[in-house]
Structure formats: C-alpha cells, structure tokens
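Biologist: Let us go through this model and ask what stands behind each label. Please show it first.

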Amino acid sequence: MDMLTNVHNLKVGHCNIQGGLIGLSKSIQISELIKKYNIDILSLNETNLNDSIATDTLNIPTNYTFLRKDRGTGSRGGCGLIISKKVAYDDKVKLLKDISHNVEAIWIKIKSSNYYICGFYRSTGFCKLDDFLDYFTECMNKLKGKKVIWIGDINVDQNKINDLDYRKLDSSLKSFNMVQTIQNYTRVAKRGNKFTHSTIDVIMTNCYSDFNSSEVLQEQIGDHYAVQCELEFKVEKPPSFEKVAIHDYNSNNIKAFQTYLANLDFTPLFQSSNVDNACLILEENLNKYHDHFFPIKTVKKHEKFIYKPSNESLHAIKTKKKLHRKFKRKLKKVEESNCNSCNICKRCINAHLAWDEYRKQRNETNRITKANKRENLVNDLKSKSAKNDLKGIWKSIKLATNSSSKTNTQPKTDEKNINAENLNQHFCEIGPSLNAKVPLFNNIKYCDFLPSKNTNCYLDSFNEVTSESIKSYIASLSSNKAITDQ
C-alpha cells in the first residue's frame, strides 16, 4: 500500500458523554463517532469511573488506547483520552500536580512534534474557575514556545461575552496569544418550558494557524455535541480494527500434526539415561514442529462479547439519532421565527413534541441496550458452564462487573504477623483458644465430637514445631530427585 494513502491530518475530537461508558448504548456511539470521522484522539468528559472499574473491561475500540483520570470523590466527573495506536505520543508530561486545584486534566505530547494536548473537564461545583485559570496560567508559563491545545468542557458559555466568567477566561487566553476556536453551540437542554443553547465545549490553542478546521460535529452523545479540530500534521490513519497474530489451528493442521506424532519414533527418548536431556530434546522438537504445522496468521481482533449489539439495539440507536435530527429541524424553525419561544404557537408545540418523542426513544434505547448486554452475559455463562470452563466464567463475571483484577486483597503486614515465632505460637494456641470461646450447651463441649485420644488424629491441640523436628523431617526425605530408567 502506498504510504501516502495511509496517512492523514491529525484529528482531535471531544465530547462530554455524561456517563454511561460501561454501558452498551454510549460505548457504541463513541465507536461509531471515532470510525465515522477517523478521529485519532478523542477527549471524553464525565466518564464517571472509579478505581474499582478496570480499563480493560470497557468497550473501547481494540485499535485504541484509553488514558483516564477518575474523580477522587463522588460518582460523577472524570476525563479520559482515547488515542489511536498509530499515534506516537508521550503521556509522561511533567507539568503540575493538579490535585490541589481540583482540575481534571490529562496531558500528552505528540512525538516528533511540538504539540502538547490537554483533555480537561471543569465542572462548576468541583473546580472553581479561578482555580482552573491559575492552573492554566502555570501550565502555559511552563510551556512557553510550545504548541498547546486545550480541549474539553469548561462550563463557561462562550456566547455570554458580558459575563464575568467569560471575561476572566478571555483575558487569560489573550495573555498567552490563544484563541477559542468553537463558535456554534455545543449543548441543547430543556429547562422547564424553554430550550437552552450554550457553547461550553471548547478548543483553546496558541497554534490556530496550524488548524485546517475546527467545528461542531452533528453527533450528539447525551446533551452535548462532539467537537473536532484537524491539524496540519501527518499521522497514520487509525485502522478499522486491530490485527493480532495467532497460530492457525484449523482441522487440517491438527490432523497433520496428529499423524506426525503417531509416526514419530520415541525409542531414543525412552532409552535415554538422562531424563533432563530427554525432556529438553522432546520440548525442542515439539516446539519446532508445532510452528511448522501451525503457522502464524493475522486475524481481526474481536470486540468484547458482552458489548456485541443486537439488531434491535442498533435499530434503537439509529431511531434515536433520527428523532434527534427531527427535533433539531423543529427547533431551527422556532429560532428562525419571531415568536421568542412563546410555547403556544404551532412551531413551539411541534418542537416540544419532537423533544418528548426523542426523549422517550432515548430511554427506550437505554432499556434495550441494557437487556442486550445482560442477554450476552447470560448466553456466555451458559455456554461456559456447559463446558465446565470455570476460569472463563470468572473472566466473564469480571468483564460484566467491570471489576479490576489488581485489587489487593492481602492483609497489611506488620512486624508482629510476619514474625515466625509469633506465627508458630499463634497456631499452637489456636485450638485451646477457640475451645475457650465456644460456649457450653447442656455440658457438651466441641471436643466431645472429635476423634478419641487413642487415634492419631488430634484436632484440639497442636505440638510446637521445633528446629529439631524440621531437621528430622528433611533427613527422612529421599535424596534422589529422579529415578533413571534401567
């Protein structure tokens, strides 16, 4: 393939998804958004994740990497970056510790370039604008001479140019020769009987001359529209799917390997007097002919089974998008009229009806996709249960609960419980200690249920383990590690 046809300008997008990343509906929309616009880097806001949710259980396209920063407190908030594996980047950008500012931000540097990209989220109740601007100022001071792009939801409406918050932000941008490039509204919400429009999802940069475009995409996840910018910087296009290399275990190859093993002469191995050498020779030959009979092939890596959408789910998502486009057309007619959202004229009534219809379908889509995900899990568990695949069952449960396998369940150790003498003493006394704690019932002790003393089984007391008893046990072991064939 010609390398020129496999590259394009770097595309950076953003959307506030308002949660739902562990669900089916929004994760499908995110994948469709990335694929439709060939987005290389997608910033997400309100990921609503925590440290109990493992990244590898999320429905992120397999040919992308997901960097995340969860909010330390509460269930809402957090941000992330979904990055194409074809984009070379460095996420070890040392700027500031943003914890004290309550700023949610992830920084990366595009390798072989001077671009620094920050995916951020500033929620009004969690991070004050003054704190965010302090963080912004300190970062920009450290990045003098660099090309910087801030992309995210800042919760400052860019249409209200007389508001104090807007003027504060505008002043900070101008001090670093930066501009905010998104002009159209990025969020439509219904408050009471009125529809509100705001531009709170922004792209702020000091390298606007490198932009080919900056726009609001006609794709909505939640109440927010996605935004995107395209830079004059060439990167490899993100692949449609991730390829993986596996051995080709088709039935013909398996039969050929079985025939080879059936005709293989194992006599020299059986006659060998050195077991270790015999095992080594056998392993080398098996590995050699395994690679011969089962060559490497490249296949498409499948998405996680639990997120596989049914036809009903795909139809529901498609219908939801269609109804939202209908609502936008009705709302545009209201904006073009002079009724000033009177809520009594035919245009306003039609817009409200279209919104209610869209909202009803949105809720129905969530119900269908949740049932779809549940059905996928049940079918997978039934299949693995029939095969008695216990390991596979636990993997499915981990995926369904989004739980992390790295959770440390080991108790904290201190000097007392790692001391061998204390440990030995504990087990010597555990029988009498439990005996003393068990209450009497009709003068019957638990010892009455144990084997009689004339047996070799003693469960109510333990003998102390001494160094001499350990030496005696070791001396009684056989000194031969292996027995050679005669």
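Modeller: One term first: pLDDT is the predictor's confidence in each residue, from 0 to 100. This is a predicted model. Over residues 481–486, pLDDT stays under 50, and that stretch has 2 contacts beyond four places in sequence.

Biologist: Which other stretch has pLDDT under 50?

Modeller: Residues 407–417. There the model has 3 contacts beyond four places in sequence. For the protein, the mean pLDDT is 83. Residues at 70 or more make up 84%.

Biologist: Now the helices. Why are helix 2 and helix 3 called roughly parallel?

Modeller: The axes of helix 2 (residues 129–142) and helix 3 (residues 164–174) cross at roughly 5°. Angles under 35 degrees count as roughly parallel. Helix 2 and helix 3 are therefore put in that class. Their axes come within 11 Å.

Biologist: What makes the contact of helix 2 with helix 3?

Modeller: Helix 2 brings Leu129, Asp130, Leu133 and Phe136. Helix 3 brings Asp165, Lys168, Leu169, Ser172 and Leu173. By class, that contact has 5 nonpolar, 1 polar and 3 charged residues.

Biologist: Helix 8 and helix 9 also pack. Is helix 8 roughly parallel or roughly antiparallel to helix 9, and why?

Modeller: Helix 8 (residues 346–386) and helix 9 (residues 390–401) pack at an angle of about 170°. The cut-off for roughly antiparallel is over 145 degrees. So helix 8 is roughly antiparallel to helix 9. Their axes are 9 Å apart.

Biologist: Which residues make the contact between helix 8 and helix 9?

Modeller: From helix 8, Lys373, Leu377, Asp380, Leu381, Lys384 and Ser385. From helix 9, Gly392, Ile393, Ser396, Ile397 and Ala400. The contact of helix 8 with helix 9 divides into 5 nonpolar, 3 polar and 3 charged residues. Gly counts as polar in this scheme.

Biologist: And why are helix 1 and helix 7 called roughly perpendicular?

Modeller: Helix 1 and helix 7 (residues 311–336) pack at an angle of about 70°. The class runs from 65 to 115 degrees. Helix 1 and helix 7 are therefore roughly perpendicular to each other. The axes of this pair are 11 Å apart.

Biologist: What meets what between helix 1 and helix 7?

Modeller: In helix 1, Ser25, Ile28, Gln29 and Glu32. They meet Ile317, Lys320 and Lys321 in helix 7. The contact of helix 1 with helix 7 has 2 nonpolar, 2 polar and 3 charged residues.

Biologist: How many cavities of 30 Å³ or more does the structure hold?

Modeller: The structure holds 1. About 30 Å³ of space lies in the largest cavity.

Biologist: What makes the lining of the largest cavity?

Modeller: Gln29, Leu33, Glu219, Gln220, Ile221 and Lys321. Helix 1 (25–37) and strand 13 (211–221) each supply at least two residues of that lining. Strand 13 gives the most, with 3 residues. By class, the lining has 2 nonpolar, 2 polar and 2 charged residues. Gln29 and Lys321 line the cavity, and they also belong to the contact of helix 1 with helix 7.

Biologist: What is phi of Ser112, and where is Ser112 placed?

Modeller: Ser112 has a positive phi of about 60°, although it is not a glycine. The loop between strand 6 (104–110) and strand 7 (115–121) holds Ser112.

Terms used
Residues numbered from 1 in each chain as written. Predicted model: local features only at pLDDT ≥ 70, side-chain atom pairs only at ≥ 80, totals over all residues. Heavy atoms only, no water. Axes fitted to C-alpha atoms, helices over the stretch in contact; angles between N-to-C directions. Helix = DSSP H or I, 4+ residues; strand = E, 2+ residues; numbered from the N terminus. Contact = heavy atoms within 4.5 Å. 1 Å grid on protein atoms, 1.4 Å probe; cavity = no way out; pocket = protein on both sides within 12 Å on 5 of 7 lines; lining within 4 Å. Points joined across faces, edges and corners; volume = space filled by probe spheres on them.
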